[in-house]
Amino acid sequence: MVYSHSKLETYQNCPRKYKLSYLDRIPAEEEGIEAFLGSRFHEAMEKLYSELRFQLMSLDEVKAYYESTWQKNFHDKVKIVEEGRTADDYFRLGLKYIEDYYQHYYPFNQNKILGLEQELEIDLYGDRRYILKGFADRIDLRPDGVIEIHDYKTASQLPAQATADADRQLALYQLGIKQKWPWAEKFRLVWHYVAFDQEISSTRTPEQLEQLRDEIAALINRIETEKEFPPQESGLCQWCAYWAYCPLKKHLVELRKLPPNEYLAEEGVALVDKYISYLEKKKQAEEELEKLKEAIIKYAEENQVDRINGSEYSLTMVRKEIVRFPTRGQAERQKLENILREAGLWSALASLDLNSLEKAILEETLSSDVLEKIKNLVSREKLVMIRSGKKADNKDQTKI
Ligand code: SF4
């Protein structure tokens, strides 16, 4: 499999979306207006720079080109997430980005252009085990010999310098350019945040590139051994085109197709509503029970009895002394553990940490030697837990 920065990023953001998009190859019909605008801006820049060999386009010509590609490509599955916004709002935003960019970099003769939408192949270790591909928006050669890798960003947030310094995409392209043009020595990574008319730049040391190689190889290994591809909800779900296939969103998609009178009768809706109503009753009952318990203990103490009789059942006070320990993570806990160790009581008194052991087994971080020895003592089971949460905000969920 050939990877790309966006494939890796998709997997990191949501493994299920990765599977739907790249393994099941389900076409995404919907496209967010932000991505649509980004593509049109990129096309306008490509046109502007590719024409430079022959002529310098005027600002009006670039804007007219942008408008023609906008109209040609617009389709009814372009999705506008932000309430109250129209496609025209975004179209005008793109025009503004073009104006600002044009005025900032006019007459576009600062550097020599080595590539536009340049396809790059990155063979991570030169043995064709890990292959990535990508397209650099623009590659420039500066008069002082530095290669600049440019990327246009139409995002509405300006990232911190630290984010640019940790960015994977352009650093990967640097690796690809070095493989393509071994004479290239010095690089500068440049992001144009056109909504702010701002450039952010960064460089990479050979050690950082080495580390990046290893991180990407580790990530690819993880993807290639992934079995579950769990859905991972986040703010990005708003722009995800796979709701109809996502186990966390599919039911909602089906419900939205139902007329209001059939909605409440739908089996899933009825089950959830019933479950939640019992849950609420259970919570109320637990609160009442707590109050009753206090009253019963008080009654027993005032009347000096340990058993109180009802009409069919009786309640018996069972008195027991317990010890409370500082919880894990508290400084006192560490102190307590140290005292037990120093007193030589650790192995006799400390118990097995089952939570950590479970984590080590599930994440397969135990040595195969130990795993083999304990395999008949432990078993792995799949449990289904139910969580409840407000439907409007499926992220805010409470475990019950
Ligand atoms: S809707 Fe969200 S959780 Fe579901 S596949 Fe898309 S990104 Fe993943």
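This is a predicted model: local features need pLDDT of at least 70, side-chain atom pairs count only at pLDDT 80 or more; totals for chains, interfaces and linings use all residues.
Numbering runs from 1 along each chain as its sequence is written.

Phe108 has its place in the loop between helix 5 (87-105) and strand 3. Helices (H or I, at least four residues) and strands (E, at least two) are DSSP runs, numbered from the N terminus. Phe108 isn't a glycine, yet its phi is positive, about 65°. Pro107 belongs to that loop between helix 5 and strand 3 too, and the peptide bond leading from Tyr106 to Pro107 is cis, with omega near 10°. Phe229, in the loop between helix 8 and helix 9 (250-256), is another residue other than glycine with a positive phi, near 50°. With 17 other C-beta atoms within 10 Å, Phe229 is partly exposed.

Now for the overall picture. The chain's secondary structure comes to 15 helices and eleven strands. The C-alpha trace spans about 100 × 65 × 40 Å along its principal axes. The chain has a radius of gyration of 31 Å, whereas a compact globule of 400 residues would have one near 21 Å; this radius is taken over C-alpha atoms, and the globule rule is 2.2 Å times the number of residues to the power 0.38. The chain is divided into domain 1 (5-239), domain 2 (267-316) and domain 3 (331-388), with bounds that come from an automatic or database domain assignment. The centres of domain 2 and domain 3, taken over C-alpha atoms, are 35 Å apart.

What about the inside? In soluble globular proteins, nonpolar side chains tend to be buried together. Here the largest nonpolar core has 24 residues, and Ile122, Ile149, Leu172, Tyr173 and Ile177 have the most contacts inside it. (A nonpolar core is a set of buried Ala, Val, Leu, Ile, Met, Phe, Trp, Tyr and Cys residues joined through C-beta atoms within 7 Å.) At least two residues of this core come from each of several elements, including helix 1 (5-13), strand 3 (112-123) and helix 7 (169-180). Helix 7 gives the most to this core, with six residues. Leaving out residues up to four places away in sequence, Ile122 touches Leu132, Leu172, Leu175, Gly176 and Gln179, where contact takes C-beta atoms, placed from the backbone, within 7 Å.

Helix 2 (residues 15-23) has its own buried set: Arg16, Lys17, Tyr18, Lys19, Leu20 and Ser21. Helix 1 is part of what covers these buried residues of helix 2. After helix 2 comes Arg25, with a positive phi near 55°.

Finally, the ligand. It is surrounded by 14 residues, and the closest are Cys14, Pro231, Cys237, Cys240 and Cys246; a residue is near a molecule if its C-beta atom, placed from the backbone, lies within 6 Å of it.

Definitions and conventions:
A residue is buried if 20 or more other C-beta atoms lie within 10 Å of its own, exposed if 12 or fewer, and partly exposed in between; C-beta atoms are placed from the backbone. Two residues are in contact if their C-beta atoms, placed from the backbone, lie within 7 Å.
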